[in-house]
Amino acid sequence: MASRSSALPTLPLAGGVRMPVVALGTGGFDNASAASAVQLALAAGLTHVHTAFDYFNLPGVSRGLLASGLARPSYFLTGMTSPCVHPAAPPTRNITDPSLCLATTAAEARDALRLLGAHHFDLLLLHGPNARFGSTEPCGRAACALNAAQWRAYVSLLHAGVARAIGVSNYCASCLECLRTYQSSPVVMPAVNQIQLHVGSGADPEGLLSYCREHGIVVQAYSPLASGGVVRDALCRSIGAKHNRTSAQVGIRWIFQNEALAGNASIVVKASSSKYIQQDLAFSDWALDDADMKALNAADSPKGQQGGRPSWGCGS
């Protein structure tokens, strides 16, 4: 099948890469569910698929991509590799030697590609900093050294064509500083930082959105509906009724209108029906007013995961 272009807005990343601003997330799906969700999403017009080595569903994602019949240039593929210190979930690891951490990261990225049956990632993300799950502390020296080792692996993978762009997930400002200060010139900063962001997080949680804007890092919001909390939220429902929109659409529109992001916003959604996918994609033809944004910026609920913090592995 010939390549098709997406009607979705895209954001520029380093190296001339353009990323569709809405991605289908596949976390929590088994192989069969992943295959079905990917095929459904691509048929509905969503052209960005997000997965991870530790979702353990890469063969299913691959089947969904193949079943879609789309040529490779027609969709954008994002993958993630795991931290070297990862005690809370499989693959459980405690690799503290930076050289071994670098080698493990590079091998995992190539294993992920093999399982996907793909030649390259459009975007490759470090899944999180090298710290215990639930940590609220800034990245310390040991974590920074491992973060930097993984980033060196990513820069090499970028140069080798394994990924067209590279970034991170769940990185707070202190962990991003690791990557900036542990490099010699020229410094390669992440193109994307994927964090938890939704109504209830605050307009600029931990100052992280401002930090990313200052350093040219696109923010990608995972769990933009706070695991369903936004859908049930009374404020979002009320504002949605005013605009003849769903509460979910209010939550998504709030992210794209966030002033701290200055237009550099993207989201990862999970949907099991074409109806919900179309609702998720209908964010660019309407707007929240100033009173709406003020109320949503001030909201301190829903909390979502990890108490509403943007990262599960660090703070500030």
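User: Starting with Phe 283, is this residue buried or exposed?
Analyst: This is a predicted model, where local features need pLDDT of at least 70 and side-chain atom pairs count only at pLDDT 80 or more, while totals for chains, interfaces and linings use all residues. Residues are numbered from 1 along each chain as its sequence is written, and side-chain values use heavy atoms, with hydrogens and water left out. The cut-offs are under 20% relative accessible area for buried, over 50% for exposed, and partly exposed in between (1.4 Å probe, protein chains only). Phe 283 has a relative accessible area of 6%, so it's buried.

User: How confident is the predictor in the chain, and over which residues is the pLDDT below 50?
Analyst: pLDDT is the predictor's confidence in each residue, from 0 to 100. The protein chain has a mean of 94, with 98% of its residues reaching 70 or more.

User: Which helix holds Trp 151 and Tyr 154?
Analyst: Helices (H or I, at least four residues) and strands (E, at least two) are DSSP runs, numbered from the N terminus. Trp 151 is buried at 1% relative accessible area, and Tyr 154 is buried at 0%. The two are 3 residues apart, about one turn of the helix, and that helix is α4 (residues 141-159).

User: What about Phe 256 and Phe 283: how many residues separate this pair?
Analyst: Phe 256 and Phe 283 are stacked, at 4.1 Å centre to centre with 10° between the planes. Phe 256 is buried too, because its relative accessible area is 16%. The pair links distant parts of the chain, with Phe 256 in helix α9 (residues 247-257) and Phe 283 in the loop between α10 (274-281) and α11 (290-298); the separation is 27 residues.

User: In the largest nonpolar core, which residues touch the most other members?
Analyst: A nonpolar core is a set of buried Ala, Val, Leu, Ile, Met, Phe, Trp, Tyr and Cys residues joined through side-chain atoms within 4.5 Å. Val 22 touches residues including Leu 46, His 48, Phe 256 and Phe 283, leaving out residues up to four places away in sequence. In the largest, with 95 residues, the ones touching the most other members are Leu 13 and Val 22.

User: Which side chain makes a polar contact with the side chain of Thr 78?
Analyst: Thr 78 lies in strand β5 (residues 76-81) and is buried, since its relative accessible area is 0%. Among the residues it touches are His 48, Phe 121 and Leu 125. A polar contact is a pair of N or O atoms within 3.5 Å; within protein, one must be able to donate a hydrogen and the other to accept it, and residues adjacent in sequence count only if both atoms are side-chain atoms. At 2.8 Å, the partner of Thr 78 is His 48.

User: How far apart in space are Asn 264 and Ile 217?
Analyst: Asn 264 is in the loop between α9 and β12 (265-269), and it counts as partly exposed because its relative accessibility is 30%. Leaving aside neighbours within four places, Asn 264 contacts Leu 11, Val 218 and Val 219. It is 47 residues from Ile 217 in sequence, while the C-alpha to C-alpha distance is 8.1 Å.

Note on methods:
Contact = heavy atoms within 4.5 Å. Phe/Tyr/Trp six-rings, centres within 6.5 Å; stacked < 30°, edge-to-face > 60°.
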